[in-house]
Amino acid sequence: MKNSIYLLFLCLAMACTHPDQKQNDMTYRFLMGSYTDSANQGIELLEFNPAKNQLDIQTIAAGVENPSFVIANKNGDLVYAVEETAGEEGGKVLVFERKENNENLNPIYSTNSQGNHPCHLALSPDEKFLIVSNYSGGNFTVFKALENGQLEQKQVIQHEGSSVNTDRQEGPHVHSATFDPTGKYLMIADLGRDVVATYSVDASSDQPVQHLIDNLMSPGDGPRHLAFSPDGKQVFVIQELTAILEVFDFSEGNLNSKQRLPLTSPDFEGNVGAAEIRVSTDGNHLYASNRGDANTLSIFSKQENGEFTLEEHLPSGGIMPRNFNLTPDGKYLIAAHQGSHDIVVFERDQKTGGLSSTPWSTKANKPVYLFALDTQ
């Protein structure tokens, strides 16, 4: 009888604890871009395992200068990075091979970006094209991504013009490129011209990217990054210079402004520098970072009428939250602080979207981008 009771409790214990243990014992992995100060720095890998109280960073490609933006393909076996530098043919675009049993990246290809200070990379949904945004060059370069990991340059598209902020908008500054979920459209955020330009994409053409529309932002906004809603019907634009998160309806490349959501409270005084936008996988919550004197993360929730309302502006936990990202399961938000040289982890309420502080943080040299890899 005693053995039967023991076995019953043992089975109940296993039934209650095993799923949670399996769920909690996850390692979240992010490629980390940064600005470098020495040759032994470069592309890094961040690993976070809450169950093991682990938050570690290791260099996986040393000697890469200013890899401020780094991404991987869907399989995770090819990694693309910029070297945010300047020269006769711009900065650099690098391609690496990545293997699961060896985290060190193997360099397989390098080419010039054709514009100074490349700061952003985007792979098309079918992974046939890589777009490189050159901030100081005011242009973007279209590469065809070949199966062997090499890149074939197809186009260099130069922007012209300026806007009202004479310090920051004296000329074009292409800050990011974003494909819509279908891959038919490419959206280019030009901070220097206050334009989000729409281009059509035709993979079968020798000139695959063609200009369609210049969507004008408010003068002085400085569009930086943008993201699509999961259904592709809305676009969320971070306006860097005015610290505004703008919500647009999207249809056939056209943007129709619906809301302008401030990333500061009405009584805020000081410098701003809105940086990044992230959308929860269900599309119900938006997150935005703001640098300058603010150093905040802002949370917005979608209402029944489709509009977004502010939940909170909260301290980001450091200085200059240039970039942050959600873990693939949406349980955590990880913020990278360029100014305070650290990484800070928040726990996320997946129902309300709210963020709460955790004990996890670690030092890092000028971290400025986080790209989520598959969770293990």
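I take buried to mean under 20% relative accessible area, exposed to mean over 50%, and partly exposed to mean in between, with a 1.4 Å probe and protein chains only. By that scale I read Arg260 as partly exposed, because its relative accessibility is 35%.

The model is a predicted one, in which local features need pLDDT of at least 70 and side-chain atom pairs count only at pLDDT 80 or more, while totals for chains, interfaces and linings use all residues. I number residues from 1 along each chain as its sequence is written, and side-chain values use heavy atoms, with hydrogens and water left out.

Entry on salt bridges. I count a salt bridge when a side-chain nitrogen of Lys or Arg lies within 4 Å of a carboxyl oxygen of Asp or Glu, and the structure holds 14 of them. I looked up Arg260 and found its partner to be Glu246, with the closest N and O atoms 2.9 Å apart. Arg260 sits in strand S19 (residues 254-262) and Glu246 in strand S18 (residues 244-251), so this pair ties together parts 14 residues apart in sequence; strands here are DSSP runs of E, at least two residues long, numbered from the N terminus. Glu246 is buried at a relative accessible area of 4%. I also noted Lys258 and Asp249, whose side chains meet in a salt bridge at 3.9 Å, N to O; Lys258 is partly exposed at 48%, and Asp249 is partly exposed at 30%.

I then turned to Glu103, which forms a salt bridge with Arg29, the closest N and O atoms being 1.8 Å apart. This pair links distant parts of the chain, with Glu103 in strand S7 (residues 102-112) and Arg29 in strand S1 (residues 28-34), 74 residues apart. Glu103 counts as buried at 13% relative accessibility, and Arg29 is buried at 4%.

Entry on the cores. I define a nonpolar core as a set of buried Ala, Val, Leu, Ile, Met, Phe, Trp, Tyr and Cys residues joined through side-chain atoms within 4.5 Å. The largest has 30 residues, and those with the most contacts inside it include Leu31, Ile43, Tyr80 and Phe96. Strand S5 (residues 78-83) gives the most to this core, with five residues. A second, separate core of 16 residues includes Phe129, Ile188, Ala197 and Tyr199.

Entry on Gln234. I placed Gln234 in strand S17 (residues 234-239) and found it buried, with a relative accessible area of 12%. Taking contact as heavy atoms within 4.5 Å, and not counting residues up to four places away in sequence, I list among the residues that Gln234 touches Phe228, Val247, Asp249, Lys302 and Phe308.

Notes:
Helix = DSSP H or I, 4+ residues; strand = E, 2+ residues; numbered from the N terminus.
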